[in-house]
Amino acid sequence: MNIKSLLGVIAIVLFSLTACQRKNKEARFNIAGNIQHAANQKLLLQEVPFGGKPIVTLDSVTLDEKGKYSFDFIAKQEGIYRLATEKDMEIIFINDENNIQINADATNYQSYNAKGSKNSEALISFLKQYRQKDSSIFATLYSLDLLQKQKAKDSSIYFLQKQRVEKINDLNSFVQNTIHQSSSPAMIYYVLGLSLRSMETAQVLALAKAAAEKTKAEPLVQFSTMLNAQVQANTKTTALSIGQPAPEIALNDPTDKNITLSSLKGKYVLVDFWASWCGPCRAENPNVVAAFEKYKKKNFTVLGVSLDDDKANWLEAIKTDKLNWQHVSDLKKWESTVVNTYQIEGIPFNVLVDPNGMIVAKELRGQALQDTLASLLH
C-alpha cells in the first residue's frame, strides 16, 4: 500500500478541515530539509484537500545538488500537506508546528523522518505499522485465492480464512486505538478515511462520533453528520423479517471501545434493546439474566443496546441488575441510530441472531425466550 493510494481513499470520504486548532487565525509555516538522490528535480509543496477536490500546489522549487529545500506558506488551520517530485515521491505531513524539518531519500521515501512536528511523527509511525498489517492481509488473501483455485483441502482453506479474519480484526483494532489516542483532528480524519477500507460504515460512524465528542472539532462533527446521513440512506425501510441478515450495530461500550454486532458472529446473539428508565425492561432483565447464565457456555451471548441518555444511570442499572454481558449505547435515547435501523417502536425489544448473522426470532420475552433457546441450544 503506497501513500498515493492512501491519499486517494482519504480524498473520497473527507472534506476540508476548518477551525481545527487555530480557528480562522492565519499562521506562517516553514517546512525545510534535505531530499537525497533527487538533485535538480522539481519539488512541489501541496495541500491535500478533502472531499474529492484536486490537490492544490502551493509552491515549487528545484532541488540543488545536495537536495536542500525550504518552503514558507500560510494556513488557517491544521491540515494534511505533502511534498512531491515528478518521479512519484510523495511525503505527507501535518502542519501542527510553525517550523518542521523533513528529510528523506527519494529511493526509499516511505522511510522519511520529521522533526519538530509531533503529529507528523505520529502519522509516520502509524503508516509504517499500517502498511505492515495491510501487506500481511494481502499476502493471506493471495495465498487463499491460490488455494481455492487449486481446490486445496478444506482444512487448509479454513485455516487461511480464519487467519484473514484475525488479521483484519487486528488491523481494525490498531486503527481504532490510533483514533482514540490521537488529539489531532487532521490525524483522526486521515485514519478515519483509511478505516472505511476494512470496517463497516456504521462502525466508522461510531468512531467519528466519539472523536467529534472528544475533540469538539467542527469538521469531525460535520463528517459524523455526513456519514450518519449515508448510513440512514442505506438503512432498509422494510420491517425486519425472520430469515434476513441482522443490520450491523456499531456503538461504544462503557469504556468507549467500539463494539460491533458482526464481531459476535459464530454465536447465537440476543440483541436486547432496553434502557435504565424503562420499567418493563428492568422487569424483563431477570429473565434475560437467567437465559444468559443457562446458555452462555452453549455458544450463546447477549448484546445489550441501551436507549439511555445518562451514562451514570445506564452503568448503575447494569450493575444493579447484574447484566454480565457486553453493552453498547450512543446515549441518545430515541435519537439513537439503532432506532431507525431496527424500526424500534417500543422497548423492551429484542432479536435473536444465529451464528451466521441471520435473524431467527424477534420479541422473545418471558417463557418464549427460554423455550426458543432450549429448542436451538440442546
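I take helix axes as lines fitted to C-alpha atoms over the stretch in contact, with angles running from 0 to 180 degrees between N-to-C directions. The model I am working from is predicted.

**Entry 1: α4 and α5.** I looked up how α4 runs against helix α5, residues 201–215. Their axes come within 10 Å and cross at roughly 170°. Angles over 145 degrees count as roughly antiparallel. I therefore note α4 and α5 as roughly antiparallel to each other. Next I listed the residues that meet. From α4 these are I188, L192 and S195. From α5 they are V204, L207, A208, A211 and T215. I sorted this contact by class: six nonpolar, two polar and no charged residues.

**Entry 2: α2 and α4.** I then turned to helix α2 (residues 118–149) and helix α4 (residues 185–195). The axes come within 11 Å and cross at roughly 15°. The cut-off for roughly parallel is under 35 degrees, so I put α2 down as roughly parallel to α4. The crossing is right-handed. On the α2 side I found N119, A122, L123, F126, L127 and Y130. On the α4 side I found M187, Y190, V191 and L194. By class, the contact of α2 with α4 has nine nonpolar residues, one polar and no charged.

**Entry 3: whole protein.** I counted 10 helices and 15 strands. Of the 378 residues, 49% are buried. I also checked contacts with a separation of 6 or more: 67% of them join residues 24 or more positions apart. The protein exposes about 18400 Å². Carbon and sulfur atoms supply 49% of that area.

Notes
Residues are numbered from 1 along each chain as its sequence is written. This is a predicted model: local features need pLDDT of at least 70, side-chain atom pairs count only at pLDDT 80 or more; totals for chains, interfaces and linings use all residues. Side-chain values use heavy atoms; hydrogens and water are left out. Helices (H or I, at least four residues) and strands (E, at least two) are DSSP runs, numbered from the N terminus. Angles under 35 degrees count as roughly parallel, over 145 as roughly antiparallel, 65 to 115 as roughly perpendicular and the rest as oblique. A crossing is left-handed if the near helix is turned anticlockwise from the far one by less than a right angle, and right-handed if clockwise. Contact means heavy atoms within 4.5 Å. Ala, Val, Leu, Ile, Met, Phe, Trp, Tyr, Cys and Pro count as nonpolar, Asp, Glu, Lys and Arg as charged, and the others, Gly among them, as polar. Buried means under 20% relative accessible area, exposed over 50%, partly exposed in between (1.4 Å probe, protein chains only). Accessible areas come from the Shrake-Rupley method with a 1.4 Å probe; for residues, only the protein chains shown count as cover.
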